[in-house]
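Subject: Structure for you to look at

Dear colleague,

I am passing on a structure that I would like you to read through slowly, with the viewer open beside this message. Below it I have written down what was found, going part by part.

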Amino acid sequence: MKHYLVGVDIGGTFTDCVVLDQDGGITATKAPSTPGNFADGMIDALTVAAERLGLPFGEFLGRIRVLTHGTTVGTNALIQRKGAKVGLITTRGIEDAIHIMRGSRGIHSRDLDKLVHFPESQKPVPIVPKRLIEGVSERVDCFGEVVVPLNEDEVRAAVARLLAAGVEAIGVCFLWSFKHKAHEHRVREIIGEMAPQLFVSCSVDIAPKWGEYERTTATALNAYLGPVMARYLENLAARLQAAGYRHPLSIAQCGGGSIPLDRALEAPLLTLDSGPVSGVTGSVFLGRLMGTPNIITTDMGGTSFDVGIIFEHQPAYSFVADVAQYEYFLPKVDIQAIGAGGGSMARVDAATRTLQVGPQSAGAAPGPVCYGRGGTVPTVTDADVVLGYIDPDNFLGGRIRLDRAAATAAIAAQAKQLGLSVMETAAGIARIAEFKMADIIRKTTVQKGFDPRDFVLYAFGGAGPVHASVFGAELGVKKVVIPLRHIASTWCALGAASADILHVYEQVDIQVSPFDVARANRSLAALEAQARARMDKDGIARSRRRYAFSVDMRHKGQINEVEVPLPGGRLTAALLASLRERFYVRYEQLYGHGSSYRNARLELVTLRLRASAETPRPKLAKARTLTATIPAAAKRPARPVYWAELKKTRPTPIYDGALLRPGNRIAGPAVVETTDTTVVIHPRRTLRVDAYGNFEILFAA
Amino acid sequence: MTKISDIAPERLDGKLMGYVPPARLRIAKKLKLHTRGSRRIDPISFEVIRHALWHVNEEHGATIQRVSGSPVAMYALDLNPSILTEDGEFVYFGPYMQYMSGVTDTQVKWILENRGDNPGIRDGDMFLANDPWVGAAHQQDVMLICPVFWKGELFCWVTNCLHQYDIGGITPSSFCPSAENAYEEGICIPPVKIVEGNEIRRDIEELYLRASRKPDAVALDFRAQLAGNIAARDRILALVRKYGPDEVKGVMKRIIDNAERAFLDKLDRLPDGVWRDRTYIECCRPGDRRVHRVCLTLRKVGRKLIFENDGTAPQDGAMNATFSGWRGSLMVALNQLMCWDQYFCVGGALRHVEFNPTPGTINCANFPASVSTAPIQSMEISLYPTYNVLSKMLYCDPQMRRDIMCIGGTSQWPGTLFRGTNQWGEYYGYVLIDPIGGAIGAFAQGDGINTGGQSRTPICKLPNIEHTEQDFPLLFLYRKEMVDSGGAGKWRGGLSAESCFIPHRTPFITQDTTSSGNAVPTSTGMMGGYPATVNTYKFVRETDIHARFARRSMPSDIDELAGRPEGLQLRQMNFRQNPADVYAVMWSAGGGFGDPFERDPERVADDVAERAVSAAAARAIYGVVLAADGSADAAATAALRAERRRARVRDGGRVARIGGAALAHLTDNLAVKKHRGRVHTCCAKCDADLGPVRGNYKERCVMEEQDVAAANPHIGDYKRYIDEQPVWRQFFCPGCGALIENEVARAGDPILADIEVDWKAS
């Protein structure tokens with residue numbers, strides 16, 4: 001009997017579902033997302049999968065071993081500002097920390113031209129207004145010693161005022177609490193006595209890190225999402241259970257793994273960004289299978305473009321995240337949102353005869369001109385349609401019919417201003433977008449100390465394979481891979497299905513060299529005890545547990561921190577020397593040759609444990625034989641496509657990607673279509689189908 | 001006093017007077033320049049190369065930050081990279097410390113003029129420079145300047161500037177608030193070749209590092225600057241190889257040409273005229289109780305802008321800036337208000353801007369004036385009035401009106417310098433960086449930004465309290481936004497904050513102050529908007545703070561504490577703070593825009609609920625009456641405002657009025673109209689005639705003059721710091737009592753003619 005691993009990813013437009021069986025069989029389905037209650041869309045996608053597999057819904061659910069769910073519910077609540085009414089209790093004197101925002105205006109991922117245009121550079125609306133922030137007397141110092149004990153009378157009075165104001169959740173964050181957790185936990189107890197049902201989030205339980213602004217933000221955001229997420233997840237879990245699913249629901253998290261439902265309920269912040277992160281998780285999985293250690297992942301959709309980096313099979317991490325201009329602490333797989341994807345708008349300045357593409361986006365509404373939803377400004381997607389890359393009658397498997405004539409008219413108007421032909425202009429829009437992407441991907445890669453030439457580029461998302469061969473070549477990567485052609489557009493769902501259980505535990509314990517080894521080891525042991533308790537609770541067998549310890553270090557007096565692995569999980573005198581050396585090597589790799597500073601003392605900042613447990617591995621079918629013969633059925637009627645390299649439109653061979661066989665090679669110019677995306681093969685490029693069914697695009701030497 | 005336009009160009013050579021590049025550079029014949037820029041670049045290639053060049057500069061800045069890793073580079077972002085053409089025109093500069101842009105092109109042009117023959121400018125060379133008379137804000141801002149060659153021709157320049165912790169001088173950190181001249185300050189280096197044929201000249205590097213108290217840190221930062229230039233040079237050469245030198249150069253020139261064109265389009269939409277601002281700076285050396293006047297005049301003549309500083313006090317003490325510092329300050333505002341849509345390409349605008357200050361003044365000082373504090377004093381006092389004069393010029397155009405901005409926070413930096421032995425038993429010295437949290441001034445169509453940073457460093461960040469407490473023996477009692485700190489107005493200026501601390505786990509700390517703008521507000525508002533708070537030091541000795549800790553009762557404000565208040569002077573050196581002594585510093589906030597009586601009462605009620613405005617100020621300044629539940633009482637507010645306006649009018653408001661449509665608005669409440677064949681200013685609310693447009697409308701207004709303390713609840717008694725009284729003048733419409741403009745002045749100074757528009761009647 002077949003049983004299944006299932007990954008479900010809820011995106012802004014579609015809910016994707018990938019079902020894997022123990023023989024490597026893959027079923028991918030899509031259903032429209034249902035923003036009113038996202039659970040409906042999820043049930044729909046699962047229902048389609050059951051139908052595809054020919055199973056009654058209840059039986060299908062009963063055969064699922066692990067269902068991992070990546071969700072955008074949190075992100076949506078945040079963007080639409082539909083989170084809970086939150087009160088905040090903090091140390092008296094720092095009530096304004098999340099309003100001051102360290103004097104910055106949250107410039108991450110903002111348009112540069114708005115940077116010095118202050119009228120467009122406002123801070124975000126605060127998550128908690130000042131009137132709902134209560135300071136109470138308590139104080140701990142940098143040694144973790146109590147200077148002022150917690151004033152519980154003030155706490156009670158503060159809680160009473162917040163309850164009277166009608167808050168639905170309370171965040172608690174005190175100065176230096178990560179060195180002394182008792183005050184925050186005592187406040188939690190007091191709130192529990194006064195309002196047992198209220199969602200409470202303590203900073204030490206969500207982000208026990210050094211720096212009160214980012215820690216308070218994490219706490220407040222977590223409280224903001226808590227009640228919304230609980231309503232959604234508890235409802236969903238109950239519906240699945242009632243329909244026949246028998247295992248605990250597992251939730252994809254931004255650290256690149258999954259967490260059990262109860263952890264997601266207390267730390268909903270972990271689910272922000274978990275969709276795009278799952279794409280990276282899936283790429284790690286595929287990279288291991290294919291022996292590709294270094295990967296740049298690009299997920300280009302209709303309204304977004306996300307980039308991730310995998311080096312030596314490990315995804316690049318960041319420890320400060322940002323959302324809607326807020327910065328907060330959270331260990332997560334680093335995803336850089338670098339643009340607007342296919343929705344990037346093209347604009348002409350007639351006076352200077354210049355053409356710019358992005359960063360403004362047409363978004364999902366009104367969207368590109370060709371969507372016919374009222375968009376009037378041509379976008380990259382419109383250019384793709386005009387050039388003939390995208391078949392207007394077969395977009396997203398024919399789910400949306402595109403208006404090529406309208407797109408052509410819009411671009412023709414710009415062409416006239418520029419003094420170019422329509423095709424030259426459309427090709428120009430595509431080229432500018434592609435080269436800009438290359439510039440920005442290059443920047444994010446170089447900033448992490450990597451050279452793009454050492455990487456393979458994975459392109460997924462609906463719009464990625466249309467443009468990846470150009471920006472990949474411009475970047476200088478070895479080759480471009482469109483992973484598992486039949487599920488490239490549901491890649492994040494596959495990532496969710498392939499995720500291990502992961503819990504990240506951190507303790508900040510700042511020390512200057514020479515280090516107090518015993519003290520550091522006490523902290524490390526405490527992290528391990530936390531992990532053990534968690535795994536015991538979840539009934540995870542000891543043999544499945546994997547503990548990876550690391551420390552963040554820096555030169556004293558400098559800011560750049562470097563994460564160095566700590567094999568064995570404890571510091572020893574013998575290990576110290578090699579730890580120093582590893583720090584210098586990694587530091588120079590990240591920050592440049594000659595940048596480390598051996599005269600300076602080292603500072604140890606954060607100790608970390610990534611505790612993971614392997615989940616059943618998806619198995620991917622591999623073809624035994626490769627064939628050069630392209631099946632006749634894979635050939636579709638040729639259509640005219642404009643090729644900028646040839647400066648002309650020519651009839652171009654079109655292939656049905658689903659029917660190509662492992663070993664097939666197609667020389668450009670050509671276009672390969674799958675249900676959800678289009679692969680554009682430019683002249684001097686070759687597409688090859690590998691044994692797993694991945695498309696590879698190779699550049700001519 | 002003589003303006004530089006009246007001085008022989010060869011005297012403006014960067015020795016006694018600041019270097020002013022001549023219209024035609026004198027460049028050694030043996031240096032071959034690559035000047036050919038293709039004029040036929042298709043729009044697609046242009047955009048692709050333009051974006052790549054922008055990213056070259058971004059990568060340059062990021063490389064410096066990464067390699068340096070210092071708090072100066074990472075938090076204060078006190079650095080900036082640039083790309084310039086072969087002859088020193090800006091293509092791009094970076095979004096970091098904006099001051100540094102204005103000093104870059106003068107350095108490059110000076111090198112072109114003075115180093116071409118000896119020691120020569122060749123491929124693989126780089127020049128180190130920090131001479132403020134050639135081009136640097138102050139000595140600590142060290143530049144590394146790299147010519148980029150292609151096939152034997154000088155193709156372009158990449159440069160960077162990075163603030164150094166210490167390069168010598170009588171005070172650690174090289175900020176020398178008690179220096180009398182440049183000889184007492186950090187090492188001053190006219191451009192020297194420190195990299196020759198791609199190799200660091202060890203002799204020059206050692207000479208440079210020898211001056212510093214922190215040579216290791218300076219050496220590392222030098223590596224960072226080097227790595228940045230190399231990265232940028234390599235990327236530009238890769239572009240040249242890919243697209244060809246003429247194509248890349250053509251793009252560079254067209255970036256500047258396009259920016260020029262956009263700038264001219266803006267100038268063409270504005271009337272000719274003169275706009276003036278006047279401000280004051282306090283305490284140029286320990287013990288000084290004078291105020292020093294700083295004047296700025298902007299003249300628009302057709303397609304040219306001319307900036308002058310006549311009326312500014314002579315150079316004195318340790319608060320001066322050089323020509324390049326003044327020019328760099330003005331360029332910050334010019335870029336933000338007029339070139340913000342050109343991605344930091346000011347080169348095009350600069351073709352039409354003249355800088356014509358008077359040498360020997362505070363902000364155009366001759367050698368060997370002390371200039372090490374320039375960025376936090378003389379340059380700030382030069383920059384901030386520029387927002388006012390440019391904003392008033394731009395206001396005339398309804399579209400550009402959206403881009404204007406009132407003066408922001410930390411318009412003078414209240415320095416808190418302290419040192420001692422920290423909780424780890426180590427010696428330390430530190431400058432409290434909190435005032436970089438600043439505030440942004442109000443806009444013509446919205447409130448300013450509370451603690452939105454200092455506008456001159458658009459992407460800075462202040463450290464968390466936990467960061468500061470980890471390294472220094474302090475315990476913060478609070479860091480909070482200050483009620484009423486933002487200037488009042490129809491649109492309120494952003495709030496600033498106050499930091500308050502005691503020494504902790506140390507016997508005491510030793511402090512210095514260095515400040516200005518504590519008696520006379522420097523973040524003045526605009527068009528009826530009020531000034532923000534002044535900088536304020538608060539110091540209470542022997543408080544009951546530890547007794548309060550023992551009874552678990554933390555204060556929310558220094559005023560709640562019992563103890564002995566003590567006044568601190570603006571350059572008070574070496575005073576001791578013991579663990580029970582509480583110190584607080586508030587920095588200036590953002591100025592307000594427009595008449596506060598025109599602010600929506602509901603907004604004022606919300607300001608009170610969110611601790612932005614006090615209930616007292618809501619009534620006194622905004623004329624808003626709050627109901628018991630905190631909401632605005634609309635009827636009572638309307639009555640109160642009407643009553644107060646009536647008290648301001650002349651002859652019961654029976655004044656001459658001008659009919660017909662307005663030709664334009666010069667400020668929020670000041671319009672111009674045709675009147676019997678001539679152009680007059682008039683009240684925009686009631687059409688009261690305020691006289692011919694070339695006269696000073698203020699003379700026809702009802703003027704009310706009070707002590708400056710009336711301008712903002714935080715200002716207090718000026719006599720704590722200065723001897724001469726500053727006054728607060730308000731100019732009301734004689735017909736309806738609308739507030740048209742305010743000004744802060746030294747009591748004896750005449751009424752400022754802030755606007756003289758040259759509006760033709762035709």
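Before the first helix pair, one term is needed: an axis here is a line fitted to C-alpha atoms, for helices over the stretch in contact, and angles run from 0 to 180 degrees between N-to-C directions. Please also keep in mind that this is a predicted model. For chain B the pLDDT averages 95, and 100% of the residues score at least 70, while the predictor gives the complex an ipTM of 0.95 and a pTM of 0.94.

With that in hand, look at helix H7 (residues 215-243) of chain B and helix H8 (residues 245-268) of chain B, whose axes are 6 Å apart and which pack at an angle of about 120°. H7(B) is therefore oblique to H8(B). On the H7(B) side the contact is made by Leu239(B), Val240(B) and Tyr243(B), and on the H8(B) side by Pro245(B), Glu247(B) and Val248(B). Sorted by class, the contact of H7(B) with H8(B) has five nonpolar, no polar and one charged residues.

Chain B also holds an open sheet of seven strands, in the order E2-E1-E5-E4-E3-E6-E7, and its pairing is antiparallel. Which strands form its edges? They are strand E2 (90-93) and strand E7 (199-200) of chain B, each of which pairs on one side only. Within the sheet, strand E4 (residues 141-150) and strand E5 (residues 153-163) of chain B run antiparallel and are joined by ten bridges; Phe149(B), for example, has Leu154(B) in E5(B) as its bridge partner. Helix H7(B) packs on this sheet, where it touches strand E1 (79-85), E3, E4 and E5 of chain B, and its direction makes about 150° with that of E5(B). Helix H6 (residues 202-210) of chain B lies across strand E3 (126-129), strand E6 (192-196) and E7 of chain B, and runs at about 130° to E6(B).

Further along chain B, strand E12 (residues 415-421) has two antiparallel partners that you can trace in turn. Five bridges join E12(B) to strand E16 (residues 509-514) of chain B, and here Thr416(B) has Thr513(B) as its bridge partner. Another set of five bridges joins E12(B) to strand E13 (residues 427-431) of chain B, with Phe418(B) standing opposite Tyr430(B). The hairpin of E12(B) and E13(B) has five residues between the strands, and in that hairpin Gly425(B) takes a positive phi near 80°.

Turning to chain A, the division is into domain 1 (1-290), domain 2 (342-433), domain 3 (501-613) and domain 4 (632-699), and the C-alpha centres of domain 1 and domain 4 of chain A are separated by 41 Å. Chain A contains an open sheet of four strands in the order E27-E28-E30-E31, with mixed pairing. Strand E27 (635-643) and strand E31 (678-681) of chain A stand at its edges with a single partner strand each, so one side of each is left without a neighbour in the sheet. Four bridges join strand E30 (residues 670-673) of chain A to E31(A), and the two run antiparallel; Glu673(A) has Thr678(A) as its bridge partner.

How do helix H12 (residues 404-418) and helix H13 (residues 422-447) of chain A cross, and at roughly what angle? Their axes come within 8 Å and cross at roughly 95°, and H12(A) and H13(A) are therefore roughly perpendicular to each other. The contact of H12(A) with H13(A) has six nonpolar, three polar and no charged residues.

Finally, the contact between the chains takes 66 residues from chain A and 73 residues from chain B. The largest share of the chain A side, nine residues, comes from H13(A), and the residues of that side divide into 27 nonpolar, 22 polar and 17 charged.

With best wishes

Note on methods
Residues are numbered from 1 along each chain as its sequence is written. Chains are lettered from A and ligands numbered from 1 in the order in which they are written. This is a predicted model: local features need pLDDT of at least 70, side-chain atom pairs count only at pLDDT 80 or more; totals for chains, interfaces and linings use all residues. Two strands pair if DSSP finds at least two bridges between them. Two residues are in contact if their C-beta atoms, placed from the backbone, lie within 7 Å. Angles under 35 degrees count as roughly parallel, over 145 as roughly antiparallel, 65 to 115 as roughly perpendicular and the rest as oblique. Ala, Val, Leu, Ile, Met, Phe, Trp, Tyr, Cys and Pro count as nonpolar, Asp, Glu, Lys and Arg as charged, and the others, Gly among them, as polar. pLDDT is the predictor's confidence in each residue, from 0 to 100. Domain bounds come from an automatic or database domain assignment.
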